[in-house]
Amino acid sequence: MASFMASVARIGSLILKELLTIIKEPASRVILFGPALMQALLFGYGATYDLRQVPYAVLDQSRSAASIELLARLDGTGVFVREATLNSPAQIAGQVDAGRALLVISIPADFEARLAAKQNAPLQVILDGRNSSTAGIAASYVGAIVAGYNSALRDRVSGGAAQGITIERRAWYNPNLESRWNLMPALIAALSMLQTLLLSALSVAREREQGTFDQLLVTPLTPMQLLIGKALPAIVVGLLQSTIIFLIIRFWFQVPMNGSVGLLYLGLLTFNIAVVGVGLSISALSTSMQEAMLYTFLLIMPLMLLSGLLTPVRNMPEVLQVATYINPLRFGMSIVRGVYLEGAGLAEVGLEFIPLLLLAAVTLPLAAWLFRNRMS
Amino acid sequence: MNRSGFTRRFIALLRKEVRQMLRDRSTMAVGLLLPAAMILLFGYGLSFDVKNAPVAVVMEDNSPMAREVVEGLRGSAYLSPAWSASMVDAEARMRAGEIDAIVRIPADFSRRLVVGDARIQLVLNGANTTTAQAVEGYVSGAIGTWAQRRADRSGNQRAATTTGSVEVVQRMWFNETGNSTWYLVPGLIVLVLTLIGAFLTSLLIAREWERGTLESLFVTPVRPVELVLAKLTPYLAIGAIDLVLCLLAARFLFEVPIRGSLPVICLTSMLYLAVSLLLGMFISGITRNQFQASQIALVASFMPALMLSGFVFDLRNVPLVIQWISQLLPATHFMGLIKTLFLAGNDWPTILSSSTILAVYAVVLIWATRRTLRKTLD
């Protein structure tokens with residue numbers, strides 16, 4: 001019992017020392033929380049796939065009642081903003097090339113005549129494919145408006161009834177399909193990972209570089225106690241950052257939280273332990289701060305991009321999907337998203353904890369072993 | 001005399017920087033290995049293109065008409081429909097994340113279709129909005145096609161009631177197949193060049209401050225500008241190698257067309273590379289601390305380049321304030337330029353305005369970095 005108390009006291013003083021190193025410098029204090037706050041706000045507004053404004057140009061060679069009605073439907077949506085009204089096909093390229101118009105609608109001269117003759121009338125839509133997903137969304141908007149126009153035409157002829165099929169859409173978890181709802185919970189895990197990883201990666205490397213690590217090794221601290229003392233402060237900082245981002249998302253952006261806060265934090269804790277394990281292993285492997293930082297950067301890019309943050313994991317080739325199984329962010333993010341957005345319980349996200357726990361079980365002992373067995 | 005002194009000192013410093021860079025394994029790893037790995041991983045790994053999205057079909061109406069509708073879904077390369085016995089079963093699978101959407105044909109479908117008031121329920125998994133939107137588009141497209149064909153068929157019998165309809169003929173310029181790889185790969189070049197700049201050079205000056213070697217440089221006749229240029233040059237060379245790797249991968253591996261002129265692409269990329277390296281050095285010179293320098297580089301340069309430059313998130317969609325902020329980032333200007341150069345071709349107004357902005361950044365950053373290196377001790 002006494003030895004247990006002694007070890008707790010030792011770990012406690014190590015943790016105190018670690019926290020002091022982190023917060024003693026004003027610049028470091030700002031760096032720990034400022035960026036998380038700023039990025040959560042910036043990306044909350046900036047990271048969106050929702051297309052609310054479609055600047056477009058129109059070339060109406062028909063100038064008929066039919067074409068005017070169709071264009072009025074476009075303008076009436078509030079989404080389509082007419083940037084230019086063109087007079088000749090030669091002007092189309094200029095509008096699209098310069099990026100002034102996301103799409104150009106070209107109505108042929110015989111538009112109304114063909115409709116009157118009960119033929120199909122082509123409506124040409126030219127899209128700027130430099131961002132193909134935006135272009136795709138804009139195209140689907142045009143499609144929906146034209147479909148509405150067509151059904152109005154048919155109604156007029158058949159006298160109202162005889163409409164075909166209505167598709168009733170309902171979206172779970174995110175009724176208006178707002179991309180912010182989908183992206184922001186992921187940031188709770190992603191943004192805090194950046195600094196937790198760097199912080200833990202630097203903690204041992206800094207002491208190695210300054211020569212103080214050898215002093216720590218000759219103290220009565222066992223590698224396990226050393227590990228706990230190094231890991232806990234980084235985990236605490238990570239959780240605090242997650243909390244800041246969580247509060248911004250919940251109360252500033254007002255994304256509704258469907259799951260339990262307890263489970264969310266359990267997930268974040270597990271995720272942070274795994275990340276800190278990776279960070280400390282890097283730290284124990286590198287001989288200087290610079291090396292530790294560069295190896296961290298080496299990891300951050302793939303971890304971020306192959307996590308499902310920006311594009312779904314399911315769209316990746318099989319080989320890469322398998323590779324994401326060692327990515328803590330993939331699982332951390334899917335737990336946070338699941339709990340936050342889908343209101344998932346332990347039954348639904350329980351499996352996602354396993355890879356994180358495995359990763360922690362491998363990396364933490366590895367780091368502890370490396371503390372003693374890797375000397376520069 | 002002055003000029004020859006400059007060259008002599010510059011060459012001496014350059015030699016020191018090159019040796020230091022080559023000796024450092026981790027720098028070489030980040031400089032050469034990471035870009036190669038990145039372009040491969042992300043070129044293959046990042047994709048918005050929905051293919052074979054799993055969709056559960058719940059048939060509460062088993063009439064031939066309803067089956068025909070569902071057959072329409074099968075024909076689509078984007079959807080992979082699978083039967084589900086009941087709505088409860090389908091909902092469970094959606095909750096488990098196995099499927100992206102549920103298409104439900106209610107029991108009264110064919111009865112109401114005769115009256116012209118049939119309904120189909122489409123339940124989407126909103127946890128992934130991009131996929132959800134794409135799936136919605138494909139499902140309504142497939143059903144719309146079926147309805148159109150049906151109307152045409154019945155139209156033959158009742159010609160009097162039919163009418164012509166407007167047909168959308170869609171052409172996607174610059175990216176005819178709407179393939180997301182084509183717009184992501186040019187953006188990856190921006191990320192690679194940002195990464196080298198931000199990560200490698202942000203440590204350069206801070207390291208010398210921390211080790212105290214910068215103070216020993218002060219007692220030599222070296223001028224700050226010479227120091228900046230000598231530190232910049234070896235990393236420009238590394239960046240040039242990375243650029244060649246990226247261009248080769250883009251062209252031959254991912255088969256992205258390069259429609260603009262290659263010399264223009266190379267020149268503007270080198271210009272952006274210089275800006276990005278200088279930004280890293282500036283951060284380094286301000287903080288004089290490796291940890292802070294790397295943190296700021298990450299937060300001020302790499303993360304915004306990833307999230308706010310128009311790499312995946314279209315800047316047209318963001319609020320005005322964020323648009324202004326993004327216009328402050330050099331990455332945004334280069335992102336627009338390189339996508340245009342790859343996919344659209346030489347659009348001289350864009351080339352000139354973006355290059356001018358980047359050149360201004362380069363000059364300002366050289367001036368600012370030089371100031372952080374003034375020979376003062378604190």
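**Entry 1: a loop in chain B.** I started with Arg288(B), which sits in the loop joining α10 (262-287) and α11 (290-307) of chain B. This is a predicted model, and in it Arg288(B) has a positive phi of about 55° although it is not a glycine.

**Entry 2: a loop in chain A.** Next I looked up Tyr173(A), located in the loop between β5 (165-172) and α7 (179-210) of chain A. Tyr173(A) is not a glycine, yet its phi is positive, at about 65°.

**Entry 3: where the chains meet.** How many residues of chain B are in contact with chain A? I noted 93 residues of chain B, touching 101 residues of chain A. Helix α6 (residues 129-157) of chain B gives the most to chain B's side, with 12 residues. By class, that side has 48 nonpolar, 33 polar and 12 charged residues.

Entry 4: Leu127(A) stands opposite Met172(B) in β5(B).

**Entry 5: domains of chain B.** Lastly, I wrote down that chain B is divided into domain 1 (2-47 + 178-372) and domain 2 (53-147). Taken over C-alpha atoms, the centres of these two domains of chain B are 48 Å apart.

Terms used
Residues numbered from 1 in each chain as written. Chains lettered and ligands numbered in written order. Predicted model: local features only at pLDDT ≥ 70, side-chain atom pairs only at ≥ 80, totals over all residues. Domains from an automatic or database assignment. Helix = DSSP H or I, 4+ residues; strand = E, 2+ residues; numbered from the N terminus. Contact = placed C-beta atoms within 7 Å. Nonpolar A, V, L, I, M, F, W, Y, C, P; charged D, E, K, R; others polar. Pairing = 2+ DSSP bridges.
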